Structures are given as structure tokens and as C-alpha cells.
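Subject: Handover of a structure and findings

Dear colleague,

Please find below the structure that I am handing over to you. My findings follow it, arranged by region.

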Amino acid sequence: MKLDPSILRTLSLDPATTTVSTHGSSGFNSTAKITTTLPSKITEHYFMKSAPGSAAEEMFCGEHASLNAIHDVVPSLCPASLAAGVSEDGNAFLVTDFLDMSSSSTSSSAAAGSLKQQHSGMNLATKLATLHTTPAPVPQGYSKPQFGFPVTTCCGSTPQSNGYKSSWADFYAENRLSAILSQCEASQNVDSEFRSLVTKTAQKVVPRLLGDEHLNGGKGVMPVVIHGDLWSGNKGKGVIGGEGAVEEVVFDPSAVWGHSEYELGIMNMFGGFSKSFFTEYHAKCPKTEPVDEYPDRVKLYE
């Protein structure tokens with residue numbers, strides 16, 4: 001297996017000391033492990049996805065931005081993404097820090113007492129609560145955080161529109177419910193009954209449950225980084241960067257700056273998170289007021 005020259009240039013790697021081999025499997029793309037020896041004689045490992053087509057390019061661009069949005073807030077929660085683009089052979093690619101999920105204990109190659117070897121001290125519930133209580137950054141050209149994301153992201157193979165909105169209710173109604181309805185109708189026959197239900201939900205239920213004047217006593221909610229596709233298949237334990245402590249991690253994100261409880265829709269729908277997990281999570285990231293409508297909001301997000 002040969003590494004495309006454009007990827008070598010993007011990562012500033014020496015082809016004489018760099019190898020690539022197939023690693024793992026994916027339903028959407030090819031996956032590989034890049035191993036390189038740096039001039040300092042240190043060996044580094046990276047993970048690469050590649051696939052043909054403009055859809056893959058859009059998907060990898062979104063995942064690149066998503067991983068780094070999460071990593072910037074909680075570095076031990078996911079690998080950093082190093083590059084995304086199109087190689088000389090025309091395939092789209094994504095390269096990230098290598099996540100070794102075969103490790104069950106601290107790597108013996110790490111020097112004892114080194115910073116890389118030390119555990120973050122946080123479990124997944126604490127990491128996710130930290131992510132969900134840290135304000136999203138202010139986008140360029142705006143004076144305060146917005147709901148949305150700088151690029152299109154994909155949940156599975158479905159592109160998601162992330163144009164900025166100052167209101168979470170407007171974003172969820174327009175950029176999620178109405179946008180997905182339009183995508184469904186473009187690829188399938190129009191179902192008037194289904195369209196009516198989605199339209200009524202977007203126009204009546206969303207403002208009632210998610211309106212700024214209703215949540216948190218009229219204060220609304222703060223945009224935070226959301227993984228966007230967090231279910232049991234997108235979490236695990238591993239060593240980020242190939243050495244150090246085993247951490248609880250997440251991967252394959254489809255991020256957005258949104259309401260913290262939006263994350264919980266998929267988590268509840270597909271399962272894999274215990275009652276004790278949510279108890280610990282909510283101790284650090286309290287439910288939005290009014291609390292008695294929390295189950296209704298989570299159902300809406302499902």
C-alpha cells in the first residue's frame with residue numbers, strides 16, 4: 001500500500017521513513033494506519049480515511065472540523081484531526097492522531113511519570129459534561145456565539161445544514177427538521193401527511209418547548225459543542241496518539257454548536273449509556289429549566 005504524495009506533503013512526512021497499511025474497516029471508506037519515523041527518531045502513528053467523490057470530501061471536511069472542535073475543549077475526549085483534503089489520485093482523505101483501541105493499559109513505551117502517560121482524571125460523563133458547559137467560540141463576523149457550525153457536517157451519509165442562527169429554536173426547526181424533510185422529499189415521493197406533521201412540529205412544538213423566552217426563565221440556552229452522533233458505536237476506550245493512558249473516548253462526530261440536551265436524543269434513542277452515567281453527567285451539566293419538560297425535549301431531539 002502506497003501513501004499518496006500529496007498526503008506526505010500535507011503532513012510534512014519523509015517517504016523514506018513512512019509506511020502505510022490497511023487498518024480496521026468502515027462501511028463508508030477505506031481506513032489505514034500511517035507509521036513514520038521523525039528526524040528526532042521518534043515513531044509516530046496516524047489514522048487515515050479515504051474515499052472517492054465530492055460527498056466524501058464534504059464528509060471528511062466536516063469530521064475534521066468536528067474532531068478539532070471537541071478536542072480543543074476536552075483534548076482527552078477524542079483524537080485531533082491533522083488534515084483533510086483531496087489527494088493527487090482524486091480521493092478525499094482525513095488524517096487524525098492514531099487512536100489505539102486495542103490497548104487495555106498504559107503503554108509500556110511511555111516513560112514513567114511523563115505527562116503523556118498521565119490519565120486525564122475524567123470519565124466519559126465528566127468529559128461530556130465539560131464539553132456541554134463550555135461556551136462555543138464566537139464565529140468570525142459575529143459578536144457572540146451562534147447556533148450552527150462553520151462547515152457542513154454529515155450524520156452518517158446525510159449532509160446537515162449548519163448556517164448560523166441566533167435562536168436555537170429557529171436553528172432546530174429550520175436547519176434540522178425542515179431541512180431533513182426537504183432532503184427526504186427530494187429523494188422520495190412527497191407524503192402530505194408526513195409533511196404536515198413535520199411542519200406543525202417545527203412551527204408549533206419547537207417554539208413551545210425550545211423558545212428562548214421559555215427556556216431557563218427567559219434566558220434561553222448557550223451554544224456548546226455537540227458531538228452530534230453519539231451512540232454506543234461511537235464511543236470506546238483507547239490510547240490517543242499511540243502512547244499514554246487509556247481514556248474513554250468518542251469518535252466519528254458530526255458536530256454542531258447547539259443545546260446540550262440535543263446530544264441526548266441519539267444517546268437515549270440507541271442506548272448504551274447507563275442511568276448512573278446520566279446521574280453523574282447531570283450533576284455537572286444540569287437539566288435545562290423547566291426541568292419537568294426535559295423528557296419532552298429529549299423526545300423531540302430523538
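Which residue just after α6 takes a positive phi? It is glycine 271, with a phi of about 80°. Please note that the model is a predicted one. Helix α6 itself covers residues 262-270, and its buried residues include Tyr262, Glu263, Leu264, Gly265, Ile266 and Met267.

The sheets

Five strands form an open sheet in the order β1-β2-β3-β5-β4, and their pairing is antiparallel. At its edges stand β1 (18-22) and β4 (81-86), each of which pairs on one side only. On average, neighbouring strands of this sheet are turned by 20° against each other, direction ignored. Helix α2 (residues 54-73) packs on the sheet, where it touches β3, β4 and β5 (91-97). The direction of α2 makes about 165° with that of β4.

Within the sheet, strand β2 (residues 30-37) is joined to strand β3 (residues 43-52) over 8 bridges in the antiparallel sense.

Leucine 99 has isoleucine 240 in β10 as its bridge partner.

The pair of helices α4 and α5

Helix α4 (residues 168-187) packs against helix α5 (residues 192-210) at an angle of about 170°, and their axes lie 9 Å apart. Angles over 145 degrees count as roughly antiparallel, and α4 and α5 are therefore roughly antiparallel to each other. On the α4 side, the contact is made by Trp168, Ala169, Tyr172, Ala173, Leu177, Ser178, Leu181 and Glu185. These residues meet Phe194, Arg195, Val198, Thr199, Thr201, Ala202, Val206 and Leu210 in α5. By class, this contact of α4 with α5 has 11 nonpolar, 3 polar and 2 charged residues.

Salt bridges

The whole structure holds 10 salt bridges. One of the salt bridges joins glutamate 185 to arginine 195, with the closest N and O atoms 2.8 Å apart. Glutamate 185 belongs to helix α4 and arginine 195 to helix α5, so the pair ties together parts that are 10 residues apart in sequence. Glutamate 185 is buried at 18% relative accessible area, whereas arginine 195 is partly exposed at 34%.

Glutamate 293 and arginine 208 also meet through their side chains in a salt bridge, at 3.0 Å from N to O. This pair links distant parts of the chain, 85 residues apart: glutamate 293 is in the loop between α7 (275-284) and α8 (294-301), and arginine 208 is in helix α5. The relative accessible area is 10% for glutamate 293, which is buried, and 46% for arginine 208, which is partly exposed.

A further salt bridge is formed by the side chains of glutamate 261 and arginine 297, at 2.6 Å from N to O. Glutamate 261 lies in the loop between β12 (256-258) and α6, and arginine 297 in helix α8, so this pair ties together parts that are 36 residues apart in sequence. Glutamate 261 is buried at 2% relative accessibility, and arginine 297 is buried at 0%.

Finally, Lys49, Glu63 and Asp252 are linked in a network of salt bridges.

With kind regards

Methods: Residues are numbered from 1 along each chain as its sequence is written. This is a predicted model: local features need pLDDT of at least 70, side-chain atom pairs count only at pLDDT 80 or more; totals for chains, interfaces and linings use all residues. Side-chain values use heavy atoms; hydrogens and water are left out. Two strands pair if DSSP finds at least two bridges between them. Helices (H or I, at least four residues) and strands (E, at least two) are DSSP runs, numbered from the N terminus. Axes are lines fitted to C-alpha atoms, for helices over the stretch in contact, and angles run from 0 to 180 degrees between N-to-C directions. Contact means heavy atoms within 4.5 Å. Buried means under 20% relative accessible area, exposed over 50%, partly exposed in between (1.4 Å probe, protein chains only). Angles under 35 degrees count as roughly parallel, over 145 as roughly antiparallel, 65 to 115 as roughly perpendicular and the rest as oblique. Ala, Val, Leu, Ile, Met, Phe, Trp, Tyr, Cys and Pro count as nonpolar, Asp, Glu, Lys and Arg as charged, and the others, Gly among them, as polar. A salt bridge is a side-chain nitrogen of Lys or Arg within 4 Å of a carboxyl oxygen of Asp or Glu.
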